[in-house]
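Dear colleague,

I am handing over the structure below, and after it you will find what was found in it. Please read the notes with the model open beside them.

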Amino acid sequence: MKRHLLESADLDRADATLVLDTAAQIDQALAGREVKKLPTLRGRTVVNLFYEDSTRTRISFELAAKRLSADVINFSAKGSSVSKGESLKDTALTLEAMGSDAIVVRHSASGAPHRLANWVRGSVVNAGDGTHEHPTQALLDAYTIRQRLGRLEGVRVVLVGDVLHSRVARSNVWLLHTLGAEVTVVAPPTLLPVGIGSWPVDVSYDLDAVLPKADVVMMLRVQAERMNASYFPSAREYSRRYGLDGRRMATLSDDAIVMHPGPMNRGMEIAADVADSVRSTIVEQVGNGVSVRMAVLYLLLGGSPA
Amino acid sequence: MTTYLITGAKPYGGDAADILLKDGRIAAVGESLSATGAEVIDAGGLIALPGLVDLHTHLREPGREDAETVETGSRAAALGGFTAVHAMANTDPVADTAGVVEQVWRLGEQAGLVDVVPVGAVTVGLKGERLAELGAMADSAARVRVFSDDGHCVADPALMRRALEYVKALDGVVAQHAEEPRLTAGAQMHEGDRSARLGLTGWPAAAEEAIIARDVLLAGHVGARLHICHVSTAGSVELLRWAKARGVQVTAEVTPHHLLLTDACAESYDPVFKVNPPLRTDEDIAALRQGLADGTIDAVATDHAPHAVEDKESEWAQARPGMLGLEQALSVVVETMVETGLLDWQGVADRMSVRPAAIGRLDGHGRPLAPGEPANLLLLDASTRAPVDPAALASRSRNSPYAGRELPGRVVATFLRGTPTVLDGKATR
């Protein structure tokens, strides 16, 4: 493993598989235990540096670090020195001076974790940067697919929604490609980046056409405010053309699964009966997120003493 | 006033000759000149070129003297071989009145290192709403001829038409920052494969080309002079070629960085490479170089844009756009145009001195290296290569995109009306 986890685009197959295998080992080690805690990172400090509100991701990382017995500091940009104008660099240097071994960063600016990695000696974990990447989400998605379907090689994944603005989509495209899955992205053309031709994916504008062949359907959150910028005419039209409802779900093959990184817009990109169906992995994804993030922190920090 | 005898220099890279500078003018050019009492400068092997003229410099004064001042920017310019620079209007306060342009002009006179030629804003406060007092600026001591809202596009087509028409009476030119604002809201880098991957909002080539297409049509319609700032795309070069073939009075500039660097630089997320318009692709670079070589693009202009450390040492999206250029401009042109065989030294003189001086209506600059002409010239050692060290720059800022990159050529001396502003590669004041 490298020192940082900045993007899934720079994970090779061996590293990605190592994360997934380690997460599986952690799951096994903790299964049935009364005290769900490992002593691996005792004495190490993990900082959750969150410039965007994201309760679920922060809690997931916090739990992951605590289950590895690390000390955890949650640093939220709101109500801190950041709101008084402190720069990202100064904040990073301050946290490091206090002895942080890893910084888990969520930021609205693409590339912020890369900048951070230039300024600190410790490890940097990207917990979502702008519209760039969210690598631990992709890792937990891959882990979930492997758990359900038993493999990733050759699995046909359909990614549906706002690819243009989605860090989840970018991370999944690169990671799934690295792990041998075949990815098709489906969206209105307005929500696909102009340069998507250079991605290792098939592109379709027609959800109905691709669903019967899919092993995995991954729905992306679509923000209603995109409507105001004319990315699509109305929420209703979006839902009709690109939403996953019961009728569409019925065209899937028997073993196909439905995923969503959350938080969901029920009734927009995904219908309630789909989200709550047996195909849905949405709750598993949340649980797997903790295991995968434990694996990442363990691999980045576990190797060497502080 | 000291008389200088420059011996053994190669005017325009040609045969070696001596050049005698006296009373601010070139007194003689020829073999084995002698002059009693003259200070002799051994220029054996150095190339002599007319002093460079920059159509596009940000000197940041008044307002951001922490990033650059007229004096520090003038020093950087002299070290880059420039004898005249146009100072852009986006200062604080904006250079949209006779008072501000005269202030900048006077600061330039005081610094005395290059002729600082203020550019006047087209619209009040660069807001794109109503014309600034262009006539007052033209008639002021600063003698403004180039008007630009650079940093902002004059996006309103009716206002642009009026500006083009109005400056005809002033022998002026509107220098357009071609950027359709609605197409570039929040834009961070060139829109293409790399922006898709990096998750940075794209700045489409069409946003530049759409404005150029519109404005060459307007300039043709009203018979006015139009200049396009920092052309960055292959499509823009095509449009300019088309417009010139139709007889439109349009000129254009390209920056050194757009001749050398691509959007691949953004992969580092280091905002030192963030600039507006953004760095483009290899195909664009090839078209820009070709356009400069065949004269479709008239001039190299630096868009020298100093920024304080805190405005660049940040997240990409938060950083200010712009990069330093004055001290490396000639080196980049040598690397991209001369060493590639696209331009000879006459061509370099034409694109970096003669034509920009003509566009800016600067009588005393861009003149040939010939007896009787103003003694504005530089001596270049084209045989050396050295890595760029931002800490060694004369600019007050350090945001050079060339840090650590080895570039050819070193300006050994610059003369402004017969007075050395640079000698032995060092500023004289």
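**Helix α6 of chain A and its surroundings**

G180(A), which follows α6(A), has a positive phi, near 95°. Helices (H or I, at least four residues) and strands (E, at least two) are DSSP runs, numbered from the N terminus. Please bear in mind that this is a predicted model, in which local features need pLDDT of at least 70 and side-chain atom pairs count only at pLDDT 80 or more, while totals for chains, interfaces and linings use all residues. Residues are numbered from 1 along each chain as its sequence is written, and chains are lettered from A and ligands numbered from 1 in the order in which they are written.

Among the buried residues are R167(A), W174(A) and T178(A), and the buried residues of the helix pack against α1 (13-30), β4 (123-129), α5, β5, β6 and β8 of chain A.

**The strands around β5(A)**

Strand β5 (residues 156-160) of chain A is mostly covered, with 4 of its 5 residues buried. β5(A) pairs in the parallel sense with β6 (residues 182-186) of chain A over 5 bridges, pairing being called when DSSP finds at least two bridges between two strands; within this pair, L159(A) has V185(A) as its bridge partner. The chain crosses from β5(A) through α6(A) to β6(A) in a right-handed β-α-β crossover, that is, with the strands pointing away from the viewer, the path from the first strand over the helix to the second runs clockwise. β5(A) also pairs in the parallel sense with β8 (residues 216-219) of chain A, over 4 bridges, and there V160(A) is partnered by M219(A).

**Annotated positions**

An unreviewed UniProt entry lists R56(A), T57(A), R106(A), H134(A), Q137(A), G262(A) and P263(A) under "binding site"; such positions are given in the numbering used here, feature names are shortened, and annotations may be inferred rather than shown by experiment. Q137(A), in helix α5 (residues 135-149) of chain A, counts as buried because it has 27 C-beta neighbours inside 10 Å. Not counting residues up to four places away in sequence, Q137(A) touches V168(A), S171(A) and P261(A), contact meaning that the C-beta atoms, placed from the backbone, lie within 7 Å. G262(A), in the loop between β9 (257-259) and α10 (272-275) of chain A, has 16 such neighbours inside 10 Å and therefore counts as partly exposed.

In chain B, UniProt (unreviewed entry) places "binding site" at D150(B), H177(B) and H230(B), which are spread over 81 residues of sequence but cluster in space, the largest C-alpha distance being 9.9 Å. D150(B) is buried, with 26 C-beta neighbours inside 10 Å, and H177(B) is buried with 25 other C-beta atoms within 10 Å.

**Between the chains**

Finally, 21 residues of chain A are in contact with 19 residues of chain B, and the largest share of the chain A side, 3 residues, comes from α4(A).

With best wishes

Note on methods: Two residues are in contact if their C-beta atoms, placed from the backbone, lie within 7 Å. A residue is buried if 20 or more other C-beta atoms lie within 10 Å of its own, exposed if 12 or fewer, and partly exposed in between; C-beta atoms are placed from the backbone.
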